[in-house]
Amino acid sequence: MTESTNSRPDSGADLRHPGELEAVAGGSAVAVAGADGDRVRSVTGDAWRELRRKPLFWVSAVIIVVFVVMAVAPGLFTSVDPREAVLSEASKTPDGQNIFGRDRQGYDIYSRCIYGARASILVGLLAVIGTVIIGTLLGLVAGYRGGLIDSVLGRVAEVFFALPLLLGAVIILYTIQGEDDGYFTIVLQVSLVLVVLGWPNIFRLLRSSVLQVKPNDYVQAARALGASPTRISFSHILPNAIGPVIVVSTINLGVYISSEAALSFLGIGLRPPTVSWGVMISQATDSMRSAPHTLLFPALFLSLAVLGFIMLGDAVRDALDPKSKSR
Amino acid sequence: MADPTGSTTSTAPTSHDDAPVILRAQNLTKHYPIKGGVLRRTVGHVRALEDVSFDLRAGETLGVVGESGCGKSTLGRMLMRLEEPTGGRLEFDGVDLYSLGRREMRRKRRDIQIVFQDPYTSLNPRKTVADLIGEPFDVHPDAVPRAGRRRRVQELMELVGLSPEHINRYPHQFSGGQRQRIGIARGIALNPKILVCDEPVSALDVSVQAQVINVMERLQRELGLAYVFIAHDLSVVRHIADRVAVMYLGRIVELGTEDEIYERPTHPYTRALLSAVPVPDPLARGTRQEIKLQGDVPSPANPPSGCRFHTRCWLARDVCSTDEPQLVERNDGRGEHRSACHFTEESVSGRTTP
Amino acid sequence: MTTSMDSRADRPRPGETDRLLEVKDLHVEFHSREGVAHAINGVDLHLDRGETLAVLGESGSGKSVTAQAIMGILDMPPAVIPRGQILFQGRDLLTMKPRERRAVRGAEIAMIFQDALSSLNPVFPVGWQIAEMFRQHRGLNRSDAKAQAIRLMELVNIPAAKERVNAYPHQFSGGMRQRIMIAMAVALDPKVLIADEPTTALDVTVQAQVMDLLKELQAQFHMGLILITHDLGVVADIADRINVMYGGSIMESADVRDLYAHPGHPYTQGLLDSIPRLDMKGQELYAIKGLPPSLMRMPSGCPFHPRCAHAQDVCRSEFPPRVELGPRHESACHFAQEVVRG
């Protein structure tokens with residue numbers, strides 16, 4: 001028996017009775033999926049193919065690559081020493097020599113923006129990766145298993161959630177910080193604090209999304225096949241529940257980079273001579289009115305980096321959803 | 001094991017009386033606790049399934065009909081051991097499935113598979129057809145050698161009437177009827193002996209429904225499958241089933257061959273149910289004797305005492321509210337079949353109506 | 001509940017009917033990113049006082065969109081009505097001012113939906129929701145409106161209406177909720193009642209009760225009833241006339257007995273043959289091959305031709321004309337005469 005192709009109008013016209021328009025948006029798949037019967041395809045492979053066709057992905061990828069190179073090899077972008085203070089030119093507005101101008105202490109802002117990328121991006125990425133791993137794993141367990149584990153994890157998460165970020169950070173950092181910790185130790189400590197205080201956010205998000213996915217019959221179908229809980233969790237539930245986490249955690253990246261700034265401002269985050277966008281922003285806020293350019297440029301770098309990651313997150317999430325294929 | 005009738009279209013329903021019993025349900029019971037109050041204490045139970053017993057023979061189709069809340073879906077899930085029983089035995093191949101450990105149960109699952117009602121939620125939207133139909137082989141790697149899996153998936157697709165070229169598509173690229181075929185292909189991938197079908201065609205349009213029913217009947221003939229066919233559509237069940245169990249509020253109230261249930265029903269509920277089905281024939285309008293039941297089905301959290309149907313039954317007497325009628329062989333006018341009513345004699349002899 | 005055949009005595013005698021609703025050459029399109037879906041392509045239908053018209057079709061046939069267009073509850077955009085007229089007692093609803101149209105909606109033309117649970121607002125008592133109809137449209141005060149609500153709940157046979165008037169929707173069963181929806185629909189004495197799959201979500205025994213109630217109320221209030229459904233059984237039980245829809249067009253229109261006895265369109269025939277029947281036990285069911293068309297890419301000519309056993313070249317190129325097969329019996333098929341003769 002042969003049947004013509006046809007698909008659901010999931011993204012089609014918004015109707016009161018969606019069933020009525022079953023046949024909307026059909027047919028277009030015919031041209032694409034023709035005689036591809038011999039190639040093995042998977043959702044990740046398809047997602048990659050889909051990503052490559054998206055301008056959004058390429059724009060975000062370029063932005064991110066630029067910032068990563070900046071973090072790894074700042075010397076490529078500037079030859080000016082970020083720690084060279086020329087006090088006589090303090091708060092100088094941008095000109096031909098210092099294209100972003102100088103800040104209150106006479107540092108070259110362009111050079112500091114470049115050198116600040118490493119600490120900021122490291123802290124941001126580490127914090128995001130940490131919160132996503134911990135929040136996702138615990139959220140998956142809590143949502144899937146339910147019962148006592150869920151209640152316990154839920155209460156623990158609430159405790160951390162209720163803790164104000166700065167207060168919690170002050171307490172933790174004061175207890176773990178040593179006098180002469182190195183650069184990477186401090187970066188790690190700050191990231192760790194952000195992870196410890198930030199995971200409940202992801203945990204709650206994923207847990208509720210797992211609860212929505214769990215009742216679907218395909219989860220029951222996998223159980224009926226005798227699939228193990230691990231397989232069900234990672235093959236069926238997680239891929240369908242992770243969407244919101246991707247979106248929120250890319251936004252969080254910016255939040256964490258600015259939180260790092262707040263910690264630095266209190267003197268418990270990264271401290272001079274380490275340079276970071278956060279440190280720059282927090283220092284510049286004092287002179288915002290007299291020398292707005294000192295705030296503008298680091299904030300611009302921060303926004304660009306965050307924008308890059310948000311766009312990447314959006315593109316990845318769309319690509320991972322077969323239903324949103326731009327065919 | 002397989003039903004030897006390999007013929008294509010036989011007019012007379014095949015008799016499975018001599019086929020061996022492969023699944024025996026004994027007193028299956030499932031109560032769901034109702035939690036209430038601040039302490040989430042159990043304050044009562046929803047009696048979803050109570051004392052359900054039946055046999056399923058190799059190659060036959062047992063239809064299970066009833067209205068919402070009658071426990072038919074719970075029964076389907078119990079047969080798959082997707083729910084742990086509150087009580088009862090489920091014997092498959094002489095072994096009580098409920099006594100098996102996880103590892104052994106996993107092996108047994110190859111023999112009993114399920115097709116779900118909703119073709120839109122029963123397939124993982126992020127997997128291709130290859131992954132969906134091939135998943136059984138990932139879970140049971142010894143079923144088909146890795147190299148032959150793709151070919152086997154394509155064979156299965158052909159078997160259920162899907163084009164094998166569509167192996168890399170996603171569920172949303174198919175219509176409801178085609179998705180249900182994918183679900184069926186997955187269900188038969190491991191060569192099960194029993195397929196539990198939970199309302200497999202009720203979400204489909206009439207014209208597509210007929211296609212899917214035909215596929216299911218063909219597969220049964222070719223593979224010798226036994227079906228437990230759960231549905232609320234009485235005419236579909238009549239078409240496909242050899243024997244029928246009628247359920248009401250968690251119990252089987254009548255159990256017999258398709259002919260016994262539809263032509264010589266003895267339980268008042270069965271009769272009411274049958275008479276309520278609209279007949280697609282305008283000439284029958286006004287001429288049919290309709291039994292109109294009062295009210296709705298009572299809550300399974302608080303089922304009536306005695307016979308659970310007595311609150312809506314026109315034959316009910318005092319004894320019905322005190323004594324639970326047993327599901328035993330009772331006279332149906334021509335022979336005997338199992339029915340759980342104290343007054344089948346009246347029900348049959350007078351064919352009384354309210 | 002008793003179905004009294006005598007209630008039909010209230011029906012108008014032939015010749016006494018008057019036209020309530022007339023839809024002429026209605027087109028509805030949905031515009032979206034993916035393109036234009038032609039949901040309805042030139043539908044004509046009419047409804048008389050006291051008449052029950054069934055619009056029968058599968059998903060995607062356009063039957064619900066037709067109902068929503070008549071009711072004026074299509075979301076525009078994405079819906080667009082490029083052509084057509086919907087005449088209610090001679091006045092075109094489509095050219096009316098929004099304010100006039102609102103006055104018609106609910107009071108003159110009322111509608112009940114498939115899903116009674118989501119059609120009722122969960123945070124208000126049902127009595128309040130019924131009473132609100134009277135307060136808004138009739139300007140009744142609180143206590144009068146509540147008395148009316150109780151009267152209506154009694155009318156639709158809700159037991160202990162006085163006590164349950166303050167209960168919330170979730171405290172009612174599915175059948176009772178559908179009764180409440182019906183009560184709200186008939187509250188203002190509408191002339192036309194549109195029922196969109198009113199019993200699809202209900203159990204068989206409850207479905208029978210609700211259909212009986214609809215029949216009774218229709219006879220009592222002398223309404224025109226449009227029943228949107230996919231169920232050939234329900235239609236046979238209640239309809240006077242049937243319009244069979246497919247791919248956004250009406251394929252066949254006939255009195256109910258004519259349609260079942262002498263279907264004049266291959267699609268209607270296919271539908272009737274797909275029903276499992278007693279004498280066919282053990283045989284393959286007749287199944288219409290293939291799938292309904294995509295509204296985005298409607299086939300040329302007759303929308304049914306890719307699935308039709310009778311299809312010829314002319315079917316692929318020309319939309320079939322309406323062929324008169326008898327009094328009030330029309331079929332949109334090039335070969336209607338041959339089909340009806342078998």
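The conversation below concerns a predicted model with chains A, B and C.

Biologist: Before we start, what kind of model is this, and how are residues and chains labelled?
Modeller: This is a predicted model, in which local features need pLDDT of at least 70 and side-chain atom pairs count only at pLDDT 80 or more, while totals for chains, interfaces and linings use all residues. Residues are numbered from 1 along each chain as its sequence is written, and chains are lettered from A and ligands numbered from 1 in the order in which they are written.

Biologist: Which domains does chain B have?
Modeller: The assignment gives domain 1 (21-65 + 78-247) and domain 2 (251-349) of chain B; such bounds come from an automatic or database domain assignment. The C-alpha centres of domain 1 and domain 2 of chain B are 28 Å apart.

Biologist: How many residues does each domain of chain B give to the contact?
Modeller: Domain 1 of chain B gives 19 residues and domain 2 of chain B gives 19 residues. Two residues are in contact if their C-beta atoms, placed from the backbone, lie within 7 Å.

Biologist: Which elements make up the side of domain 1 of chain B that touches domain 2 of chain B?
Modeller: Two or more residues each come from β2 (41-57), α7 (234-240) and β9 (243-248) of chain B. The largest share, 8 residues, is that of β2(B). Helices (H or I, at least four residues) and strands (E, at least two) are DSSP runs, numbered from the N terminus.

Biologist: And what is that side like by class?
Modeller: The side of domain 1 of chain B that touches domain 2 of chain B has 11 nonpolar, 2 polar and 6 charged residues. Ala, Val, Leu, Ile, Met, Phe, Trp, Tyr, Cys and Pro count as nonpolar, Asp, Glu, Lys and Arg as charged, and the others, Gly among them, as polar.

Biologist: Turning to chain C, how many residues of chain B are in contact with it?
Modeller: 37 residues of chain B are in contact with 36 residues of chain C. On the chain B side, α6(B) gives the most, with 6 residues. That side divides into 16 nonpolar, 13 polar and 8 charged residues.

Biologist: Which residues of α5(C) are buried?
Modeller: In α5(C), the buried residues are A145(C), K146(C), Q148(C), A149(C), L152(C) and M153(C). They cover an arc of only 155 degrees around the axis, so they lie on the same side of α5(C). The arc is that of the directions from the helix axis to the C-beta atoms. A residue is buried if 20 or more other C-beta atoms, placed from the backbone, lie within 10 Å of its own, exposed if 12 or fewer, and partly exposed in between.

Biologist: What do those buried residues of α5(C) pack against?
Modeller: They pack against α4 (126-137), α6 (161-164) and α7 (174-186) of chain C. After α5(C) comes N157(C), with a positive phi near 60 degrees.

Biologist: Which strands pair with β10(C)?
Modeller: Strand β9 (residues 241-246) of chain C pairs with β10(C) in the antiparallel sense over 6 bridges, and strand β12 (residues 329-331) of chain C pairs with β10(C) in the antiparallel sense over 2 bridges. Two strands pair if DSSP finds at least two bridges between them. R241(C) stands opposite D255(C), and S253(C) stands opposite E330(C).

Biologist: Is E84(A) buried or exposed?
Modeller: E84(A) is exposed, with 10 other C-beta atoms within 10 Å. The loop that holds E84(A) runs between α3 (55-72) and α4 (109-145) of chain A.
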